[in-house]
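Subject: Structure handover

Hello,

Here is the structure you asked for.

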Amino acid sequence: MARTKEFDPAAALQSALELFWERGYEATSMADLVEHLGVGRASLYATFGSKHDLYLKALDRYDELVGPRLLAELSQPGPALPAVRAVLRRFALEAVGEQRGRGCFVVNVAAELASHDGESARRVLASWDQLETLLAAALTRAQAQGELGPQKEPRALARLLLVLLQGVRLVGKATGDDGRVRDAIAQAESLLG
């Protein structure tokens with residue numbers, strides 16, 4: 001007879017996400033995870049696989065939390081440019097706000113692992129592709145509604161905003177320089193017209 005789990009895997013995954021987000025992959029040991037999650041090593045391995053597997057599942061969980069919010073923000077009916085501007089401003093506030101030291105989990109993964117870990121890189125790129133697609137769709141809608149000039153290329157503008165937003169998150173995490181972040185976002189908004 002199989003034993004029942006003595007812990008909630010969803011809660012454990014959320015706790016793992018929080019720990020990895022705070023410390024990063026390399027600085028988080030399996031012993032740290034066991035202690036933080038309050039789950040035995042054997043149970044963690046049986047449920048999630050290796051530390052790397054758990055890390056990837058935590059990254060997937062983060063994307064599950066963030067993706068729907070962006071979709072809701074950028075696909076709401078009505079004028080599209082105010083929604084794009086609101087997303088830019090939210091990213092800026094998050095970059096220099098109370099949790100700035102943690103940064104964005106996707107940006108953290110990109111900086112720490114993506115250059116030498118194919119699975120992490122694929123997930124980072126998928127997350128960025130999603131953001132770029134959502135921005136491009138909103139900008140295309142804005143152009144169709146006359147909010148964005150016909151000379152603007154929505155996909156190229158979305159790529160610029162994607163790169164800017166990821167840079168804003170990194171600058172915010174590293175320095176908390178709200179002046180630099182604020183000026184970058186203001187320039188991005190001026191490109192929108």
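Which element gives the largest share of the lining of the largest cavity? That share, five residues, comes from α4.

Some background comes before the rest. This is a predicted model, in which local features need pLDDT of at least 70 and side-chain atom pairs count only at pLDDT 80 or more, while totals for chains, interfaces and linings use all residues. Residues are numbered from 1 along each chain as its sequence is written, and side-chain values use heavy atoms, with hydrogens and water left out.

The cavity: on a 1 Å grid over the protein atoms alone, a cavity is a set of points where a 1.4 Å probe fits but cannot get out, and lining residues have an atom within 4 Å of a point. The structure holds one cavity of 30 Å³ or more. The volume of the largest cavity is about 120 Å³, where volume means the space filled by probe spheres set on the points, which are joined across faces, edges and corners. Its lining has 14 residues, and V66, L70, S127, L131 and R169 lie nearest the centre. Two or more lining residues come from each of α4, α7 (118–144) and α8 (154–175); helices are DSSP runs (H or I, at least four residues) numbered from the N terminus.

The pocket: a pocket is an open set with protein on both sides within 12 Å along at least five of seven lines. The largest pocket holds about 290 Å³ of space. Of its 14 lining residues, W21, Y62, E94, G103 and R169 lie nearest its centre. For this lining, α5 gives the largest share, four residues.

Regards
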